[in-house]
Amino acid sequence: MNESSVRAVGWARSLPMDRGVKAARDWAREHLDTLGWTTTAPETANSVLLTVSELVTNAHVHARSNAQLTMTWDDRCLHISVHDTSATLPAPREPSTERVGGRGMFLVDALADAWEARPCPHGKTVTACFRVPGAQDTPTRH
């Protein structure tokens, strides 16, 4: 077997702006169920679902864009990626009592083992990585 090859399982879903984040969470929960995470790693599953909510909300509210949501499991990390049509990369901001919003990426940074935002043609993709508790590799923080 070629050591540079990776075996992965993935799912993708397009979420138009008129579909709420609940649809994204419900869809993601179904796939977390197939991985067994909702029973074997419920805290991590909840972190994934909150991250899905935040990333899809960011696409809809801040980018004013449809969201392309993908989930990929490669036996080491569950990658949650959301593509939108805005070229503006997100950055975590400290919570403020003076702002109603602005906590999304701060939460993603706290919940995910790692995350990154990359510009790409026609927008950007934000990806968060989650390792199931007890995984061999030590997570690195962004």
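**From one residue to the whole chain**

Trainee: Is Asn58 buried or exposed, and what is its relative accessible area?

Mentor: This is a predicted model, in which local features need pLDDT of at least 70, side-chain atom pairs count only at pLDDT 80 or more, and totals for chains, interfaces and linings use all residues. Residues are numbered from 1 along each chain as its sequence is written, and side-chain values use heavy atoms, with hydrogens and water left out. Buried means under 20% relative accessible area, exposed over 50% and partly exposed in between, computed with a 1.4 Å probe on protein chains only. Asn58 is therefore classed as buried, since its relative accessible area is 17%.

Trainee: Which residues does Asn58 touch, if those up to four places away in sequence are not counted?

Mentor: Asn58 lies in helix α3, where helices (H or I, at least four residues) and strands (E, at least two) are DSSP runs numbered from the N terminus. Contact is defined as heavy atoms within 4.5 Å. With residues up to four places away left out, the partners of Asn58 are Ala63 and Met105.

Trainee: Which residues of α4 are buried, and on how wide an arc do they lie?

Mentor: The buried residues of α4 are Gly104, Met105 and Val108. They sit on the same side of α4, because the arc that they cover around the axis, taken from the directions from the helix axis to the C-beta atoms, is only 90°.

Trainee: What covers those buried residues of α4?

Mentor: The buried set is Gly104, Met105 and Val108. The elements covering these residues include α3, β4 (114-120) and β5.

Trainee: With which residue does the side chain of His31 make a polar contact?

Mentor: His31 is placed in helix α1 and is buried, with a relative accessible area of 12%. Leaving aside neighbours within four places in sequence, His31 is in contact with Trp11 and Met71. A polar contact is a pair of N or O atoms within 3.5 Å; within protein, one must be able to donate a hydrogen and the other to accept it, and residues adjacent in sequence count only if both atoms are side-chain atoms. At 3.1 Å, the side-chain partner of His31 is Trp11.

Trainee: How far apart are the C-alpha atoms of Trp27 and Leu69?

Mentor: Trp27 is also found in helix α1 and is buried, with a relative accessible area of 10%. Beyond residues up to four places away in sequence, Trp27 touches Trp11, Ala12, Arg13, Leu69 and Met71. Trp27 and Leu69 are 42 residues apart along the chain, and their C-alpha atoms are separated by 9.9 Å.

Trainee: In the largest nonpolar core, which residues touch the most other members, and which element gives the largest share?

Mentor: A nonpolar core is a set of buried Ala, Val, Leu, Ile, Met, Phe, Trp, Tyr and Cys residues joined through side-chain atoms within 4.5 Å. Of the 29 residues in the largest one, Leu78 and Ile80 touch the most other members. Two or more residues each come from β1 (9-15), α1 (21-35), α3 (42-62), β2 (67-73), β3 (78-84), α4 (104-111) and β5 (123-130). The largest share, seven residues, comes from α3.

Trainee: What is the order of elements from the N terminus on?

Mentor: The protein has four helices and five strands, and buried residues make up 40% of its 142 residues. From the N terminus on, the order is β-α-α-α-β-β-α-β-β.
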